[in-house]
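Hi there,

Here is the structure I promised to pass on. Please open it alongside this note, and then read on for what turned up.

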Amino acid sequence: MRRQNMIKTKLPVIVLRNLVLLPNGEIKLELSNDIDKEIIINSVNNHDSYVILVSTLSLSNENIDISELPNTGIIGKITSYFDLPNNHLRITISGVNRANIFNYVDTGKSKLDAVIGPAIYEEESVDETEANLRLLKREFAGYISITQSISNSIIIKMNEEVSLDKLTDIVANILPLSFEKKNKFIYMTSPIKRSNDLIKYIAEEKNISYIEKKLDESVKKELDKSQKEFILKEKLRAIKEELGEKDDKDEEINEIRTKIDDLNASDSIKEKLRKELKRYESMNALSPEVSIVKNYIDTVLSLPFGTYTNDLKNISKIEKSLDETHYGLKDVKERILEYIAVKELTNDIKSPIICLVGPPGVGKTTLAYSIAKALNRNFVKISVGGINDEAEIIGHRRTYIGAKPGRIIDGMIKAKSSNPVFLIDEIDKMTKGINGDPESCLLEVLDPEQNNTFYDNYIDEAFDLSKVMFILTANTASDIPYALKDRLEIINLSSYTIFEKLDIVKNYMFSKLLKEHGLTRSNIIIDDDTINFIIKYYTKEAGVRELQRVLSSIMRKIAKEIIMNPKKKRFTLKEEDIIRLLGNVKYSEIDNNTYNNSGIVNGLAYTAFGGSILPIEVSHYKGKGGVNMTGSLGNVMIESAKIAIGYVKTNYKEFGLDIKQLNEDDIHINCVHAAIPKDGPSAGVTLVSAIISSFLNKKVDNKIGMTGEITLNGNILAIGGLREKSIAAYNAGIRKLFIPKENERDISEIPIEIASSFEIIFVDNYMEIFNNLFK
């Protein structure tokens, strides 16, 4: 006797009715009962997705008695589970091993656990086992040759199998056996006995399959109604030809044949189109496949094989065109000009694959259109935000009903050239789902070494994307998968300062909006101070979208007043006029704490929407030394808070604190604006300062801000997003900044007019901040 390599353990029980799962098999179940769902969740969370499956002997009994449950079951592994739209849970379970069940444990609410141990197998002759293995393979191969309904992967798996134990279970799972016959195999620990029974069942199934095959052959000999109609229509077509009448389909086929001959595509694509055309020509007009074949031919013929637009080569004109439509953005403009220059010298260069990363409203999408216009290229855009199906990118295979090409091929058809500017918007917002991983599908599209032979499942032939200039957009680079990011040339677009927004309004936006609203410069007179008033008190954003909406609202109201009072056609706008037109101010100029209590310190944050002020509050009170953290803090920020507390306690003497009070008082840390999730390590120095301020009962000026990651030794590490954080600090009225010494190299990123308004102090260790604030 031999045992399986398994220790005694306890697993949740799933009772199967009229259903059997054996080792090396798989079943799919759809669960609607809440108790069943709890069993699955318990297995996934507490038992590494393992369960024990038992099949009831009595199929008519609805309420299961523990005493009637079998003492042998199958250990199953939950390989997948997901919620369906109808609130059901669909799971897939794979059979692993047989197991002895020592006893069942009622855990309440109709749920059971089972104490299980290894199943005991009989020792058998090696020669007899090998003989049964060969015989079973041969008999099952004969069964496959008759039924022809077994997948090739299973056939290969069976041919390679050298264990009679596994082979018998595989065959038993495949054969269409009754419940009683299949259930018997659960209790058979002898592979030879299982093999003998299976050989007998295979012989019975072969006989049944042979009879079914004969019946199918007799049915196929009869002509159905559609075949008769086809013959009649062919005769009718021949009669029309004799009478000299035109056949519209023949003209259509000749036209398609000419298009195929003229197509600037490879021979393999032309040959495939000719085969599809031949199928279309021979099909009955009422056949459901007619439209499928015709749609495929039309789609392939619509692709712009070998069709290119001529790039504008004058670099000065391109630069002027980009400057006329967008303010700043020097890095991306410079990259486009470099591409044109190198292409002019080599005449053979792969188009760049650029990813524009920045907060909403800074001009990423409109910049891509301007690039296309400046280069004299066609422009096409797709948005992949929220996509969770890989078929959206690489298309559906034509075997599916309603199959169509993916968004890449569909975009190339719309572009009508093989070298457009192709914008893929919101690349950081794709998600993985049960239908595949669209992010991985983009790897081939965006790899210059592979995209000259891009395969779409629907087209099923190579299409050259190497001449396409792909431009992607994202709000945060951290949300782009590494493998995809590695293929991209990341260009960061920063938030606009108030000075840059003023320039955008004066030189770009205002004239455009006047034209859209039927107004002229003579209708509206507005000075810089009034524009700045609008920016400060009616907008709060990294870009200029909200600013554009506010200015549009002002112009609509003025247009209405001109229509209602035609005599008044000139409006000079001041601050009081803006308040009259837009109502009371929406935002305060200074967004930090207007109060100045101890325990409150201003940190700086960088989000997908630009920089912002992050006031941190700390209070302490009699307790048991606990720590409370509120304000929607993420894991990294919670760890920063723990480091900050540890650092303060370690250096309590230097800070002049009472260690007994530090250990015994409860500490409450809160980040304001609780509805907004917060994470990252850069609030470390702010947390330390707020804790010290609270325990010393000393206030920190609300015109002071700080940012930096802190270590347990008090060292201050570099942070990211310095430009955006500085802009947010400036807008909030902060005038002194503590910044990590390592970020001194990034100071050039801060606009001069903003950097000059701060007293910037670079620090290596927290004691430098402490000595500045509290001594």
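Predicted model: local features only at pLDDT ≥ 70, side-chain atom pairs only at ≥ 80, totals over all residues.

First, some ground rules. Residues are numbered from 1 along each chain as its sequence is written, and side-chain values use heavy atoms, with hydrogens and water left out. Helices (H or I, at least four residues) and strands (E, at least two) are DSSP runs, numbered from the N terminus.

**The sheet**

Five strands form an open sheet in the order E10-E11-E14-E9-E15, with parallel pairing. Its edge strands are E10 and E15 (489-492), each of which pairs on one side only. Two strands pair if DSSP finds at least two bridges between them; E11 and E14 have four, in the parallel sense. On average, neighbouring strands of this sheet are turned by 20° against each other, direction ignored. Axes here are lines fitted to C-alpha atoms, for helices over the stretch in contact, and angles run from 0 to 180 degrees between N-to-C directions. Helix H15 (residues 407-415) lies across E10 and E11, running at about 155° to E10.

H13 (residues 364-375) has twelve residues and reaches 17 Å from its first C-alpha to its last, close to the expected 16 Å (1.5 Å times one less than the number of residues). Among its buried residues are Leu-367, Ile-371 and Leu-375, where buried means under 20% relative accessible area, exposed over 50%, and partly exposed in between (1.4 Å probe, protein chains only). What covers the buried residues of H13 includes helices H11 (315-325) and H12 (330-346), along with strands E9, E10, E11 and E14. Just after H13, Asn-376 takes a positive phi of about 65°.

H26 (residues 722-731) has nine of its ten residues buried, so it is largely enclosed by the rest of the structure.

**Thr-530**

This residue is found in helix H19 (residues 528-538). Thr-530 counts as buried because its relative accessibility is 2%. Its side chain reaches the backbone oxygen of Leu-573 at 3.2 Å. Leaving aside neighbours within four places in sequence, Thr-530 is in contact (heavy atoms within 4.5 Å) with Leu-573, Lys-574, Glu-575 and Ile-578.

**Salt bridges**

How many salt bridges does a search of the whole structure find? There are 29, counting a side-chain nitrogen of Lys or Arg within 4 Å of a carboxyl oxygen of Asp or Glu.

Arg-194 forms one with Asp-169, the closest N and O atoms being 3.7 Å apart. Arg-194 lies in helix H6 (residues 191-220) and Asp-169 in helix H4 (residues 164-174), so the pair ties together parts that are 25 residues apart in sequence. Arg-194 is buried at 1% relative accessible area, and Asp-169 is buried at 2%. Both belong to a network of salt bridges that links Arg-98, Asp-165, Asp-169 and Arg-194.

Asp-261 and Arg-274 also meet in a salt bridge, at 3.1 Å from N to O. Here Asp-261 is partly exposed at 42%, and Arg-274 is partly exposed at 37%.

Best wishes

Key
Polar contact = N/O pair within 3.5 Å; in protein donor to acceptor, adjacent residues only side chain to side chain.
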